[in-house]
Amino acid sequence: MTLDRRRFLGLTAGLSAAALTGCSTAATTPSSAPRTGGRLRAAFAGGGAKEVLDPHLANLFVEAARAKAMFDKLADLGDDVAPRPRLAEAWEPGADLTRWRITLRQAAFHDGRPVRAQDVLASYARVLDPKRAFRARSSLALVDLPNSRAVDDRTVEFALTRPFVEFPNAMAAFGAYIVPEGAEDFTTPIGSGPFAFSSFEPGRSTLLKRNPDYWEGAPLLDELEFVIANEESARTNALLGGQVEYAHDLTPTTARGHADGGRMAIHRSPGSAVQAFAMKLDRPPFDDRDLREAMFLLADRPQLVEAVLAGNGQVGNDLFGKGYRHYADLPQRERDLDKAKYLIRKAGAEGLTVALDTSTAAAGMVEAATVFADQVRGSGLTIEVTMGNKDSYWSDVLKNGSLSSFRSGAMPIETHIAQRLLTGSGTNVTKWARPEFDALYEKAVSTSDEAVRAGAYREMQAALHAEGGYLMWGFADWIVGTAPGVGGISTAPANTLDWARFDKVWLG
């Protein structure tokens, strides 16, 4: 090994030592025709020593990418963020939308057992266990398990507690993976995905091997290794130094510096990541609607896009899913310092200092917090940027603090609402809880009348725009870098099927 290990460790403090073992110079030839063989090493930000391989606990991007490599869902999201069949070969709703019949494709777990209807029901029962807090639980909460059944080994009939036209979205929900019936120990996980488990060091490395019997065709790679490099600079330097061939979630500044592709190939998914700040509505000071509106009016969105995203993004309007189906095209909110000052005084918040929790858990969040704190100066409020633990950031801000940095990949607007904005949503970081909003959601998802559904979604988004807790200031390109010889990298939006999908990737 010719790598200067000491220099590399100095640059990449979070990268696992395992990643350095047997490292070699990255391929530098142009992408070629697909070929088999080799180990691809992919660097992601991680979650520290508490990381687990339970796919139902997937929350971080690296956990989602690992889960996708080892497991399947019944459906997943296409590039247009609409559901596509996966383990479900087909689905068919009943006339009243309360029963859905799912036909499974012929697939097998890594130990050779076939994927059966009983495995699907057991997986959903595990996600829905009221004693647990799995992320997909809110999306699957409408499944009436006692009245659902396995018609035969390859046919499931789901009974729902109410009509639900968007049930394929629920099957594609983040974390809704199918595991073998009775699976509880995920130290050596068994899935049905394109890669099978080899080894795992929490917070350091996960090594997987090709599943030659994958139902969609064997991967091209022999092995896939996820290595953890929490800092974006660490991932970049690992890629440039030949310790990895794929670096997830790079900044626009890095992309601009390597736009010529000589040392790094840049792959972008335009507008794929929403950048935001989240205000909690259930506690001071943002339980005051006037103060939330003041925050909306203090944000200089074009300046944030220019400063944080190097101009490679779009201005947000405090709503999720720009360009997606059912997105409400409301008047663009703009900075209005005078009105913000008036609202701050009206709320009795003049002179208040508010902590803005942020971390390096996702690219651009710290930079955005710093820029926004500058934008707020002179308004009567003071924003104090507070760095959180990157390993536990997302769970910490779900419970604690009143203002935090937020970032999300793609998902249908229906799923965003179900998982984050209903009274019982599992990741309701803004603590938005409105019975009338919940009722509108029920109206939208329980009708096959497209006009009625579109009207309900628009009404929900109008309420969020007027008085919600998400200050969604921009949509960023999602950027990954690879060694120049890596082929088969998709530019699909983050969280969709083809994002971080390694079974179609090859080493040139």
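This note sets out, in numbered points, several features of a predicted model.

1. The UniProt record, in an unreviewed entry, places the feature "domain: Solute-binding protein family" at residues 83-411. In the model, the end C-alpha atoms of that span lie 10 Å apart. The span is 25% helix and 25% strand.

2. How helix packing is described. Two packed helices are described by the angle between their axes and the distance between the axes.

3. Helix H14 against H15. On the H14 side, the contact is made by Phe437, Leu440, Tyr441, Lys443, Ala444 and Val445. On the H15 side, the contributors are Val452, Arg453, Ala456, Tyr457, Glu459, Met460 and Leu464. Sorted by class, this contact of H14 with H15 has 10 nonpolar, no polar and 3 charged residues.

4. Helix H13 against H15. Helix H13, residues 413-420, packs with H15 at about 55°, with the two axes 12 Å apart. H13 and H15 are therefore oblique to each other. The crossing of H13 and H15 is left-handed. Here Ile413, Glu414 and Ile417 of H13 meet Tyr457, Met460 and Gln461 of H15. By class, the contact of H13 with H15 has 4 nonpolar, 1 polar and 1 charged residues. The student may note that Tyr457 and Met460 of H15 take part in this contact and are also listed in the contact with H14.

5. Helix H8 against H15. The axes of helix H8, residues 289-298, and H15 come within 8 Å and cross at roughly 85°. Angles of 65 to 115 degrees count as roughly perpendicular, which makes H8 roughly perpendicular to H15. The residues that meet are Arg289, Arg292 and Phe296 in H8 and His465, Ala466 and Glu467 in H15. The contact of H8 with H15 has 2 nonpolar, 1 polar and 3 charged residues.

6. Pro285 is found in the loop between strand E14, residues 265-279, and H8. A cis peptide bond joins Pro284 and Pro285, with omega about 0°.

7. A backbone angle at Val81. Val81 is not a glycine, yet it has a positive phi of about 65°. Val81 is found in the loop between strand E3, residues 75-77, and strand E4, residues 83-85.

8. Aromatic pairs. How many aromatic pairs does a search of the whole structure find? The search finds 18 aromatic pairs. One of them is formed by Tyr124 and Phe158, and this pair is stacked, at 5.2 Å centre to centre and with 20° between the planes. The pair links distant parts of the chain: Tyr124 lies in helix H3, residues 117-127, whereas Phe158 lies in strand E8, residues 155-159. Tyr124 and Phe158 are 34 residues apart.

Technical notes
Residues are numbered from 1 along each chain as its sequence is written. This is a predicted model: local features need pLDDT of at least 70, side-chain atom pairs count only at pLDDT 80 or more; totals for chains, interfaces and linings use all residues. Side-chain values use heavy atoms; hydrogens and water are left out. Contact means heavy atoms within 4.5 Å. Helices (H or I, at least four residues) and strands (E, at least two) are DSSP runs, numbered from the N terminus. Ala, Val, Leu, Ile, Met, Phe, Trp, Tyr, Cys and Pro count as nonpolar, Asp, Glu, Lys and Arg as charged, and the others, Gly among them, as polar. UniProt positions are given in the numbering used here, feature names are shortened, and annotations may be inferred rather than shown by experiment. Rings of Phe, Tyr and Trp (its six-membered ring) pair if their centres lie within 6.5 Å; planes under 30 degrees apart count as stacked, over 60 as edge-to-face and the rest as tilted. Axes are lines fitted to C-alpha atoms, for helices over the stretch in contact, and angles run from 0 to 180 degrees between N-to-C directions. Angles under 35 degrees count as roughly parallel, over 145 as roughly antiparallel, 65 to 115 as roughly perpendicular and the rest as oblique. A crossing is left-handed if the near helix is turned anticlockwise from the far one by less than a right angle, and right-handed if clockwise.
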